[in-house]
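Biologist: Could you take me through the terms used for this fold, and say in each case what the term rests on?

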Amino acid sequence: MADFKTVKEKTDKYIMNTYSRFDVEIESGKGATAQGGGKSFVDFGSGIGVNALGYCDDGWVKAVTAQAKKLSHCSNLYYSPVQGELAQMLCKASGFERVFFCNSGAEANEGAIKLARKYGFDKYGKERTTIVTLKNSFHGRTVTTLSATGQDAFHNYFFPFNDGFKFAQANDFESVRKACTGDVCAVMMEAIQGEGGVLPLDTGFVKKVADFCKERDILLIFDEVQTGIARTGKFFAYENFGVSADIVSSAKALGGGLPMGAVLCRKGLENVLGSGSHGTTFGGNPIVCAGAIEVLKRVMQKGFLESVNEKGDYIREKLSKIDGVGKIRGMGLMLGFEVDGVDSNKAADLAAQNGLLILTAKNSLRMLPPLVITREEIDRGIKILTDTINELKNKGANQ
Ligand SMILES: *Cc1c(COP(=O)(O)O)cnc(C)c1O
């Protein structure tokens, strides 16, 4: 096995340098613990919310390898039993009517945007195409989803961006209402703004937006790419607000570690995207579907959602005892917090050196641990986090 220096050199030389990587090598993993470069890491990030069942879960490995031996790919020109099975499970679990499978979060949002625009077009004509999203949102890296992202920092370099998006203020109903002029076909939002800093929407705000959208026949889209698949203690996070959604996009955790996205829609929208109107070569690939079926089987087990909330509460209690940790935001196992006087990037960097993988979101530390993380792993991770914060504070004090 190559040493870390060689791996790093090769990577930086031959891969476009679009990521600022930690000086950490990951070679293998099980549950919420990873190994690489002779070190062990507790993982509070799940590869950005992907490894819901942790690294290399036994059931998931079995499902994926069995499918790889049986049929790896067959194209959407034909029927695939695993695809149909997964679609049924996903619709039953979420209460939605129909699904379109794709390969990533951005692609799922592209699908959601296309569906909403086609609905507006079919019913009201081509003037009704604008989608209102929220300031500080994040919806992906394609040109359209960058255009949909409500942060100026993402509207650079790649001109021209797409028309047809307007930005409203989160948790300010008046701002959404004002943005919803006659050309608007949909409102799209994250139940908890993830990249934006782990900022949950207020229930009152979401309820008002949902009622307003229903009244005006404006579709309500939730971008559940980060918050979905049991992450917040509900199957989809918007369920925490007691509202219904017209369209939901999903990805990250859905494939349990393989690339998969999905667009789900409610009854009444199932025929908006008809034959030839949308497609993607790899969408619903059999191996990926087999992995996703295992993910859904597990998160739908009795008591699973409760266990997510219990673990979330347990982590909150532990975090609140760390000196300097501010208000803890989020739901279930999606948590964010600032640490007084500590830079989040420096903290994540030092934590990684100390054996803990943790994410950041703006100036917050962000936790998206595997949903199957054990108490023991939580305790180990919290211990490293506490030591890391103290180490940074002492350094700051000695400067
Ligand atoms: C990660 C993320 C995306 C983009 O997903 P990709 O798979 O990277 O394309 C979109 N929306 C939200 C809310 C996300 O967290």
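Modeller: Angles here are taken between N-to-C directions and run from 0 to 180 degrees. Keep in mind that this is a predicted model.

Biologist: What makes helix 11 oblique to helix 12?

Modeller: The axes of helix 11 (residues 344–354) and helix 12 (residues 375–398) cross at roughly 125° and come within 9 Å. Angles of 65 to 115 degrees count as roughly perpendicular and those over 145 as roughly antiparallel, with the rest oblique once angles under 35 are set aside as roughly parallel, and therefore helix 11 is called oblique to helix 12. The crossing of these two helices is right-handed.

Biologist: Which residues make the contact between helix 11 and helix 12?

Modeller: On helix 11 they are K346, A347, L350, A351 and N354, and on helix 12 they are I384, T388, E391, L392 and K395. By kind, the residues of this contact divide into five nonpolar, two polar and three charged.

Biologist: Why are strand 4 and strand 6 said to stand at the edges of the sheet?

Modeller: The open sheet has seven strands in the order 4-12-11-10-7-5-6, with mixed pairing. Strand 4 (98–102) and strand 6 (165–168) each have a single partner strand, so one side of each is left without a neighbour in the sheet.

Biologist: How do you know that strand 5 and strand 6 are paired?

Modeller: Pairing requires at least two bridges between two strands, and four bridges join strand 5 (residues 130–134) to strand 6, so the two qualify as a pair, and they run parallel. L134, for instance, has A168 in strand 6 as its bridge partner.

How values were computed. Residues are numbered from 1 along each chain as its sequence is written. This is a predicted model: local features need pLDDT of at least 70, side-chain atom pairs count only at pLDDT 80 or more; totals for chains, interfaces and linings use all residues. Side-chain values use heavy atoms; hydrogens and water are left out. A crossing is left-handed if the near helix is turned anticlockwise from the far one by less than a right angle, and right-handed if clockwise. Contact means heavy atoms within 4.5 Å. Ala, Val, Leu, Ile, Met, Phe, Trp, Tyr, Cys and Pro count as nonpolar, Asp, Glu, Lys and Arg as charged, and the others, Gly among them, as polar.
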